[in-house]
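Please keep the sequence and the structure in view while reading.

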Amino acid sequence: MAETTVAEVMAELAALEDPKARAVNEKHGDDHGVNLTKLRAVAKRLKTQQDLAVELWATGDTAARLLALLICRPKAFGRDQLDAMVREARTPKVQDWLVNYVVKKSPHVEDLRLAWFADADPVVASSGWALTTDRVAKEPDGLDLTGLLDVIEAEMKGAPDRLQWAMNHCLAQIGIDHAEYRARAIDIGERLEVLKDYPTPPNCTSPFAPAWIAEMVRRQAG
């Protein structure tokens, strides 16, 4: 029965394939052409199905994996399963959803944060940084914020794209949420100039840390 279900779901995803959506997604490194609103509608209909989610993940197909992450039961995955999944994730959107929708809800989140943070693979390390940024915002007790800023100051400028992006987010989050570190966070951002010239649409906040920090602090004060 389950095999038929996977085949049916894969056929449905294939029917939702849109060449224009694929072209846009591929610019961001994501090799799928399914509109995410339509993908979420499929997930809503399927509801939570952990076994199906595992099988969809195993196909290796990006759209199927995104769907799997929406219908899975995050707490059902073991630590080693999640570690393997982050290493298999490949595309930015799959990695992002895996970390945000699944790992953050897992009982293994802190163990994985520490393990990934120090990983030699920069994409895996970026997942560790993403989880660290979440803690900066929600549970900073026990984090060495000075130490994090030291690492960012030393390594962010030369880090590969996804790792650099994650470090930059952490830098901004420290500056936004922790007034005592704000001046140093802004100073690091200004000196390193990471993402300073990033093309930002009107009415969107620049990812350049000093601008990001200033805007979010202004909003909080407003």
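Helices (H or I, at least four residues) and strands (E, at least two) are DSSP runs, numbered from the N terminus. On that basis, the elements of the chain run α-α-α-α-α-α-α-α-α-α-α-α-α from the N terminus on, which comes to 13 helices and zero strands. The radius of gyration of the chain is 19 Å, close to the 17 Å that the globule rule gives for 222 residues, so the chain is as compact as a globular protein of that length. The radius of gyration is taken over C-alpha atoms, and the globule rule is 2.2 Å times the number of residues to the power 0.38.

The model is predicted: local features need pLDDT of at least 70 and side-chain atom pairs count only at pLDDT 80 or more, whereas totals for chains, interfaces and linings use all residues. Residues are numbered from 1 along each chain as its sequence is written, and side-chain values use heavy atoms, with hydrogens and water left out.

**The chain as a whole**

- The C-alpha trace of the chain spans about 60 × 40 × 35 Å along its principal axes.
- Of the 222 residues in the chain, 42% are buried; buried means under 20% relative accessible area, exposed over 50%, and partly exposed in between (1.4 Å probe, protein chains only).
- Among contacts between residues at least 6 apart in sequence, 64% join residues at least 24 apart, where contact means heavy atoms within 4.5 Å.
- The chain exposes about 11,500 Å², and carbon and sulfur atoms supply 53% of that area; accessible areas come from the Shrake-Rupley method with a 1.4 Å probe, and for residues only the protein chains shown count as cover.
- The 28 positive and 34 negative charges of the chain have mean positions 6 Å apart.
- In that count, Lys and Arg are positive and Asp and Glu negative, while His and the chain ends are not counted; the place of a charge is taken as NZ of Lys, CZ of Arg, CG of Asp or CD of Glu.

**Thr 132 in helix α9**

- Thr 132 belongs to helix α9 (residues 122–138), and its 0% relative accessibility makes Thr 132 buried.
- The side chains of Thr 132 and Arg 113 are joined by a polar contact of 3.0 Å.
- A polar contact is a pair of N or O atoms within 3.5 Å; within protein, one must be able to donate a hydrogen and the other to accept it, and residues adjacent in sequence count only if both atoms are side-chain atoms.
- A polar atom of the Thr 132 side chain also lies 2.8 Å from the backbone oxygen of Gly 128.
- Beyond its neighbours within four places in sequence, Thr 132 is in contact with Arg 113, Phe 117, Leu 143, Leu 148 and Cys 170.

- Ala 185 is buried at 0% relative accessibility, whereas Glu 190 is partly exposed at 46%.
- Not counting residues up to four places away in sequence, Ala 185 touches Leu 149, Leu 171, Gly 175 and Ile 213.
- With neighbours within four places in sequence left aside, Glu 190 is in contact with Phe 208 and Pro 210.

**Gln 95 in helix α7**

- Gln 95 lies in helix α7 (residues 92–102) and is buried, with a relative accessible area of 8%.
- Apart from neighbours within four places in sequence, the contacts of Gln 95 are Ala 89, Val 123, Ser 126, Ser 127 and Arg 162.
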